[in-house]
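Here is a short tour to follow in your viewer, one selection at a time. Have the structure open and your selection tool ready.

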Amino acid sequence: VNAHPSQYTLDRAALGASVAPPDAAHLSACARCAAVVASRRAAPPRPAWLDDVRLPPAAPRPRLPWLRWVALLPVATAAVAALVLLPGDRRPVDGPEGIRAKGTPSVAVYLKRADAVVAWDGRAPLRTGDRIRLGVRGAGYGYVSVASIPPAPAQPGVLYSGALSPEGETLLPIGFRVDDRGETEQLSVVLAAKPVGEEEHRTLPGPDRIRATWTTRITLPKEARR
Amino acid sequence: VPDPRVDSLFCETFPIIRAKCARMLGRTEDAADVAQETFVRLCESDILDREPAVRLAWIYRTSTRLAVDLLRRRRLGIETSAEEVDAAADHSGADEVLGARQHLAELAASASRQELEVAVLCRVDGLTQPEAAALCGISERTVRRLLGRLDERLDTLGRRAP
């Protein structure tokens, strides 16, 4: 039986992680273990191969599988962006939920390129690094869901779901950065009176389906890679 | 241009990685290779911003797996002395570590990867069974079972001390 703490415990102490009180007491009393911990903190000789090692440029956020974009924190400057209103498909609904005499829902696309905010005209290809946010006017619909539509057979992936302001436009609290892969990105936006399920993104809008939703799809072309 | 963040991480973690690899593989070229590979993988990992305990657990898991893979690929004939183990481990119990390492080398071809990983952690690094279970993400019962199976193999070889 070894009365000394394990190597793992000594390494925890060397890295500054917490150790159990009995181990801490041992380390303060045992010169040999204290020396081991000190040796694990001593700077080693610098090898030549270290020159070739690189860290990622920034702490990478986990990529969501649904889309080759990265969700961003809200961009304050987006508020001054121009917008493009996108038509949607209102699906009639029976009952009280159908009473929404508040105008037409719309989705605004805000585009930020480098330090400048430019208006996306609905056609111009996006560039790698462009940032986009969406503003949604619910016109009585209380909830929104945004999903990416990947090429079949992959399934849509929900990017954001949440409530909408009852009046005016809601700037969604997520943004997207355009990457250099693929030729287009397609987004599905669904509005509803209740929280929107993922399945709502799986079907194209059509007049034959009677549901309490409003939906639109946005196709974003990308600039060809050089 | 060298990345200063790499140097900082190197100074913080490499002495630990190097000592761990030396315990497992002796002061050999293989140990140096596994230490380098572990560090490079650490730099590429997504745990650099995590707390020290998480990073240490990652280092132990990764270096152990790399060493076990190496043992299983090559079935190393490790020839080291107790003094060398003592120097590498910087700790008492050098004879036990040496014996465990020799056993690992002998069992590398027949024992499962998980058996070897647990054996490295418990018999070479001196982790308690609960510590090894937490680090490997398995139950203590599984740790006991794996160590028991490993001892059975050693018994079959007549290697285990009575």
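For the first stop you need to know how a helix axis is taken here: an axis is a line fitted to C-alpha atoms over the stretch in contact, and angles between N-to-C directions run from 0 to 180 degrees. Keep in mind along the way that this is a predicted model.

Now show side chains: on the chain A helix, pick A:Gln7, A:Asp11, A:Ala14 and A:Leu15, which meet B:Glu12, B:Thr13, B:Ile16 and B:Arg23 on the chain B helix.

Next, select the whole of chain B. You will find eight helices and zero strands. Of its 162 residues, 51% count as buried. Its accessible surface is about 7,400 Å², with 46% belonging to carbon and sulfur atoms.

Stay in chain B for the last stop, and pick helix 6 (residues 113–124) and helix 8 (residues 140–157). Their axes come within 9 Å and cross at roughly 100 degrees, so helix 6 of chain B and helix 8 of chain B are roughly perpendicular to each other. Among the residues that meet here are B:Val118 and B:Cys122 from helix 6, and B:Leu146 and B:Leu150 from helix 8. By class, this contact has seven nonpolar, one polar and five charged residues.

Methods. Residues numbered from 1 in each chain as written. Chains lettered and ligands numbered in written order. Predicted model: local features only at pLDDT ≥ 70, side-chain atom pairs only at ≥ 80, totals over all residues. Heavy atoms only, no water. Helix = DSSP H or I, 4+ residues; strand = E, 2+ residues; numbered from the N terminus. Parallel < 35°, antiparallel > 145°, perpendicular 65-115°, else oblique. Contact = heavy atoms within 4.5 Å. Nonpolar A, V, L, I, M, F, W, Y, C, P; charged D, E, K, R; others polar. Buried < 20%, exposed > 50% of the residue type's maximum accessible area, 1.4 Å probe, protein only. Areas by Shrake-Rupley, 256 points an atom, 1.4 Å probe, with all protein chains shown as cover.
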